[in-house]
Every structure is written in C-alpha cells, then in structure tokens.
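Please read them with the sequence at hand.

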Amino acid sequence: LFLIFIVDDCSETVAGNVADTKLPRILKRVFGAVGSKALKPSMIASVKKAAIPKKMPKMMKEKGLNVEVTPIYQKGNYVVHKLKIKSVNLDKLSETAMKEKA
C-alpha cells in the first residue's frame, strides 16, 4: 500500500494555534503573521515525513495490524510512504471494528 500526503496551506492553522495562547493581543498578531509566512507546507511535509513512520505502526498495532512504514518520496508538500502489512491479528481487528461501529 502507498500513503500519499499533500500538505495544503497552513496559515490558518498557525494563526489559530497562536490565538489559543495566553500572549498579549499584539504579540498574537505579530506571531500569527510571521508564523503563517515562515512555515511553508513543504516544511510541515518534511516534519510529517519523519513522524509518520514512528507513529503509524503504533496506531495500527492498536487496531490489530502489524505494519512497517517507509518514506519513499517527497517533493515540496507532496509525500509518499510505503506501508507494508507484516501480520494481522484478526481477533483484535474484528474487536476494534465492532467498537467503532457501535
């Protein structure tokens, strides 16, 4: 399987995160404006490219899948990971599916 991620414009997210802090209003405006200009989607894609192979196997294991995730390509804000399913715990997978259905 291949996982494809495209990081879109992140300026609203940065501004929202700054707005949630306890900084004075003037600093919120400054940091929000600077942060949204400084953080490019390609920078966030690079961070996600490194984080996904560490986080995804743990998340999938909780659902009953033993997987290996390897980043194979990045160009700007476009990232592709290869997901290899090593084993499946059918009991845990069906249990998780039933919980999510309910």
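1. Tyr78 is partly exposed, with a relative accessible area of 31%, where buried stands for under 20%, exposed for over 50% and partly exposed for what lies in between, computed with a 1.4 Å probe and with protein chains only as cover. Tyr73 falls in the partly exposed class as well, at a relative accessible area of 39%. A search of the whole structure turns up 1 aromatic pair. That pair joins Tyr73 and Tyr78 in an edge-to-face arrangement, 6.1 Å from centre to centre and with 70° between the planes. For reference, the six-membered rings of Trp and the rings of Phe and Tyr are paired if their centres lie within 6.5 Å, and planes under 30 degrees apart are called stacked, over 60 edge-to-face and the rest tilted.

2. On the basis of these notes: this is a predicted model, in which local features need pLDDT of at least 70 and side-chain atom pairs count only at pLDDT 80 or more, whereas totals for chains, interfaces and linings use all residues. Residues are numbered from 1 along each chain as its sequence is written, and side-chain values use heavy atoms, with hydrogens and water left out.

3. As to the overall layout, the chain holds 4 helices and 3 strands, in the order β-α-α-α-β-β-α along the sequence; these elements are DSSP runs numbered from the N terminus, helices being H or I with at least four residues and strands E with at least two. Of the 102 residues in the chain, 21% are buried. The chain exposes about 7,700 Å², and carbon and sulfur atoms supply 61% of that area, which was computed by the Shrake-Rupley method with a 1.4 Å probe. Among contacts with a separation of 6 or more, 57% join residues 24 or more positions apart, a contact being a case of heavy atoms within 4.5 Å.

4. Which residues form the largest nonpolar core? The core has 7 residues, namely Ile52, Met56, Met60, Leu65, Val67, Val69 and Leu83. The elements that give two or more residues to this core are α3 (41–62) and β2 (65–75). Such a core is a set of buried Ala, Val, Leu, Ile, Met, Phe, Trp, Tyr and Cys residues joined through side-chain atoms within 4.5 Å. Leu65, one of the core residues, touches Pro57, Met60, Ser87, Val88 and Leu93, once residues up to four places away in sequence are set aside.

5. Thr70 sits in strand β2 and is partly exposed at 32% relative accessible area. Leaving aside neighbours within four places in sequence, Thr70 is in contact with Val80, His81 and Lys82. Its C-alpha atom is 8.7 Å from that of Ile52, 18 residues apart along the chain. Lys54, a residue of helix α3, is exposed at 60% relative accessibility, and the C-alpha atoms of Lys54 and Thr70 are 9.5 Å apart across 16 residues of sequence.

6. Helix α4 covers residues 90–101, and its 12 residues should span 16 Å at 1.5 Å a residue, which agrees with the 16 Å between its end C-alpha atoms; the expected span is 1.5 Å times one less than the number of residues. Of those 12 residues, the number buried is 1, so the helix lies largely in the open. Asn89 caps the N-terminal end of α4, with a side-chain oxygen 3.2 Å from the backbone nitrogen of Asp91. Thr96 lies in α4 and is buried at 15%, with its side chain reaching the backbone oxygen of Lys92 at 2.8 Å. Apart from residues up to four places away, Thr96 touches Glu62 and Lys63.

7. Lastly, Asp8 is in the loop between β1 (2–6) and α1 (11–19) and is exposed, at 62%. Asp8 and Pro41 are 33 residues apart in sequence, while their C-alpha atoms are 6.1 Å apart in space.

Technical notes
Polar contact = N/O pair within 3.5 Å; in protein donor to acceptor, adjacent residues only side chain to side chain.
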